[in-house]
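Have the structure open as you read.

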Amino acid sequence: MAASAKRKLAELSVDEFLTSGFDSEVDGDSGGDAVDSDEEDAGRKQSRNGKTISKKKAALKSKSAGKIPKKGKASEHKDQLSRLKERDPEFYKFLQENDQMLLNFDDSDSSGDEEGLHVLPDKLEEASDDDDEDEEGAAKRKKVDFITVNLKMVENWKSSAKKKLSPRLFHDITQGFKACVVTARGDAGGSEPGKFKVTDSAVFNTLVSFCVHDLFGLLHKLLEAKAGRTRSKMVAPSSSPLWGKLRLDIKTHLGCTIQLLSCLTEASVTTAVLHHVNAIVPYYLAFPKQCRMLLKQATHLWSAGEETARVLAFLVLNKICRHKKDVYLNPVLKQMYISYVKNSRFTSPNALPMISFMQRTLTEMYALDTSVSYQHAFIYIRQLAIHLRSAMTVKKKENYQSVYNWQYIHCLYFWCRVLSTIYPSDVMEPLIYPLTQVIIGCIK
């Protein structure tokens, strides 16, 4: 039993031996040697396991140590100074006496990944009502800071301009004219006020009269613009060396003149302003946006203004389109024809002279360029033919009324007038036959 117990004990592994509970009786030296050998094997294994565990722990410690962020430059500099104090106290004392900035610095660590990152505050500031009040106060101060124009200022401007007009003086006069336009338009104008304010009617009339009658004559002398090579070519004010200095003020004046035209109610003032506009058309041609605005306003006055104003508005339209056919003629003809059709809807003894005037002047505009005129005539004569065909095929009252009205008759008469005025023309001649067929179909 003892031998079997010894054999069983010898056959046990280290783990089995440790968990066996030591119940077996061990006798003799051989059993002791076996036990000792087993214990030595177990000790070697445990030592190897302990070494591996210690190596793993050391590796983990090294990794965790590697994750510790390095000291910043400020902290390293502080450590260097502390070591310097221990090694060389005399030099450290010298630094304290002569260079305090080197020793007294911010030792906050600025290194790491978070350096330079913006940190959001805990609470965001909200706009207070005081800021709005400050803005309103600034706006009120701006309103109060306007310079009121009086007659003495206007007379000084006039006398100085007649002696010698300068860019600075022209700027002041233009700003005064802008103030007059703002006063005339009122709150509905929407234009930004300048530095001047006009409240007196006498000042308004004097300043507007001077700007309309005399100012641009003096400006033309100041610019000394080169005349065109031929009479048909306009004077180019942009060729003057002073154009760069005066350009913005001239642009402001031209825009204010158009705004003034749109709000005038008195026929005599409208006539005077249109005379002025007709004289300064070369300046409008230098500014495409202002020129388009002028054409729109002139077309409106040509179709709905007073008799003299209509004639002057037509002269402005004709003058611009003659010198810029490729840019403005096509849209101007379209707008003028649409205005003519609208005005010819109702015919009466009072309206007939106006319709006749529009026919004559619009025919003159179509005679400026036959290639553009052909495109318009082809489209509008074709529209007349379509209305006639629908009236003949769909025999209803509404279709008959689209043909048997004064508007349709005046349109037929107008195109007859255009083709007969431009004749003979190889471009417009092909339109004679379709127009004749429409007239005959309308009679039947």
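Is Phe 216 buried or exposed? Phe 216 is buried, at a relative accessible area of 8% (buried means under 20%, exposed over 50% and partly exposed in between, with a 1.4 Å probe and protein chains only).

## About the model

This is a predicted model: local features need pLDDT of at least 70, side-chain atom pairs count only at pLDDT 80 or more, and totals for chains, interfaces and linings use all residues. Residues are numbered from 1 along each chain as its sequence is written, and side-chain values use heavy atoms, with hydrogens and water left out.

## Helix α16

At 1.5 Å a residue, its 19 residues should span 27 Å (1.5 Å times one less than the number of residues), and the 25 Å between its end C-alpha atoms agrees with that.

The buried residues of α16 include Tyr 328, Leu 333 and Tyr 340. Among the helices that the buried residues pack against are α14 (288-304), α18 (370-393) and α20 (406-422) (contact means heavy atoms within 4.5 Å).

## Aromatic pairs

Searching the whole structure turns up 14 aromatic pairs (ring centres of Phe, Tyr or Trp, using the six-membered ring of Trp, within 6.5 Å; planes under 30 degrees apart are stacked, over 60 edge-to-face, the rest tilted). Phe 216 and Tyr 283 make an edge-to-face pair, 5.1 Å centre to centre with 85 degrees between the planes. That pair links helix α10 to helix α13, 67 residues apart. Tyr 283 is buried too, at 5%.

Tyr 340 and Phe 414 form a tilted pair, at 5.3 Å and 40 degrees.

Key. Helix = DSSP H or I, 4+ residues; strand = E, 2+ residues; numbered from the N terminus.
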